[in-house]
Amino acid sequence: MKKRTRSLIALVLTLALVIAIGIPGIAAGIGIFPADDNRYTIQPVKHYDTYTVFGDSITAGVNCNDYYRYYNEDGTYVSSGSFDSNKAAQYAYWDRGDFRRVEGTYPALVEDMITADTVHHFSRIGYRSDELRILLDNDYYGDDLTPTLLEFLGETYSVDIDGWIKNRPAFQQAAADADIITLGIGSNDVLMTVWFKAIGMLYGENASLGTIMNAVGSVAQSAQDPTNMMSAVLQLMNGALGATKTLAELAQAMLEAEIDFRTNFKAITDRIYELNPDVELVVVGLYNGAKEIRVSKDIDLQAGKLGDAAFMAINNYMANLCPNRMKYKYVDVWNITLGAAPSLLDMIQNMGLIGTLMTVDHPTETGHAEIAKEIRAVLPKTGTETEETTAERVVKKAYDDKWYCFLGDKIDTTFTGIVQNKYGWWKCTDGKVTFKETGIFENEYGKWYCKNSKVDFSKTGKVRFDGKTYTVIRGKVL
């Protein structure tokens, strides 16, 4: 039973690896809709000349149909959402989309909506806030995991730490030149840290990927009864067979990863504003890509949701607690559409299904379109009169030492709604902030819970207002 439990733990860890970075050989993502589907038509907003994209594999477009391209000698190509070794051998060369525009991704949609003249693509699969911070912060060289991670992802980087820091000038120049930056980072802080921690616990600090994959393969090829294997999984999840200590240590690693992220994220945003004080920075929140994974079809326990707490804690820091919060715009993407996931039992019985996790963890074009629309909601609009909304307004103190909603240089006494400034979002009535209004109020981005006339981004729970009950998550009404 101990050997079986060890293999099952290896299976769970390998699933985490697939979720974290997407191994090309088993990735099987297919876009739900073509990238040119008209449901992705997103109306333009304010024009920005130069757009820089910082992010990981989600931002890069893993699982979108255009991510892998296979080129003929004349430069024509075919695309695939997953790596195809036959195509790689058949065509002259191929590339992944880390360095270029990938059709159907939210960076491509943002590029179109802001009509950018120049775009810098700096997304890389697998990297954490640590690896991005190295490139922006000249005094930072990563943590204990960085050398292993860079070597582990050799197919992407093929560099050691000295080679990695050679990218600093390009990343920092891209930050300095940008009129707008989207920043999507943090998922791998949890997933990679926990995965490598678990590898060390199970196989020793020097365990290789081949060791883990061989262990998982032995599970797939075994003739053991799947019911017994499922029982072992449930015992593992319930802390049997000495697994309690394992799970406790993994939970501790997850907590440490979240704490480290806070330090890195502040340093990253500090450095971006140091390089470019006037940049429009849009921070894209995290979602739990494993949330749809259940134990089995008959046991409706969403095992994947065990990771919710860590991702939500990181989101809460970015949305509400980071000292730079009032400078950037935060976008909540927690509820984006994800595909149906195979159950743990299904994957034990058929290891080939692991590849389908890529359709769950990384957004297809549908999820990217939803993210892009959330980004559009926080950007200033231009054009028609109906789009000249609160993004054009600001709350400021007037000559009488009271706070008002200004439209340009004048107080807009006709306006009632929610307006943003560097200190928060404020409920205005007839152009004035009373600091006395508490309840549910609305602007063009949705309905919000306000306390003493300020949107309370820390509020989560049920709110009773004006005879109705509302569900509020981080200040926003669902």
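Is Tyr 93 buried, partly exposed or exposed? Tyr 93 is partly exposed, because its relative accessible area is 40% (buried means under 20%, exposed over 50%, partly exposed in between, with a 1.4 Å probe and protein chains only).

This is a predicted model: local features need pLDDT of at least 70, side-chain atom pairs count only at pLDDT 80 or more, and totals for chains, interfaces and linings use all residues. Residues are numbered from 1 along each chain as its sequence is written, and side-chain values use heavy atoms, leaving out hydrogens and water.

**Aromatic pairs**

The whole structure holds 18 aromatic pairs. Rings of Phe, Tyr and Trp (its six-membered ring) pair if their centres lie within 6.5 Å; planes under 30 degrees apart are stacked, over 60 edge-to-face, the rest tilted.

| Pair | Centre to centre | Angle between planes | Type |
|---|---|---|---|
| Tyr 71 and Tyr 77 | 5.3 Å | 55° | tilted |
| Tyr 71 and Tyr 93 | 4.8 Å | 10° | stacked |

The pair of Tyr 71 and Tyr 93 links distant parts of the chain. Tyr 71 lies in strand E2 (residues 68-71) and Tyr 93 in strand E4 (residues 93-95), 22 residues apart. Strands are DSSP runs of E, at least two residues, numbered from the N terminus. Tyr 71 is buried, at 9% relative accessible area. Tyr 77 is partly exposed, at 37%. Tyr 67, Tyr 68, Tyr 70, Tyr 91 and Trp 94 form one aromatic cluster.

**Charges over rings**

The charged end of Lys 327 sits over the ring of Tyr 273, 5.2 Å from its centre (NZ of Lys or CZ of Arg within 6 Å of the ring centre and within 35 degrees of the ring normal). Lys 427 lies over the face of Phe 441, 4.8 Å from the ring centre.

Methods: Helix = DSSP H or I, 4+ residues; strand = E, 2+ residues; numbered from the N terminus.
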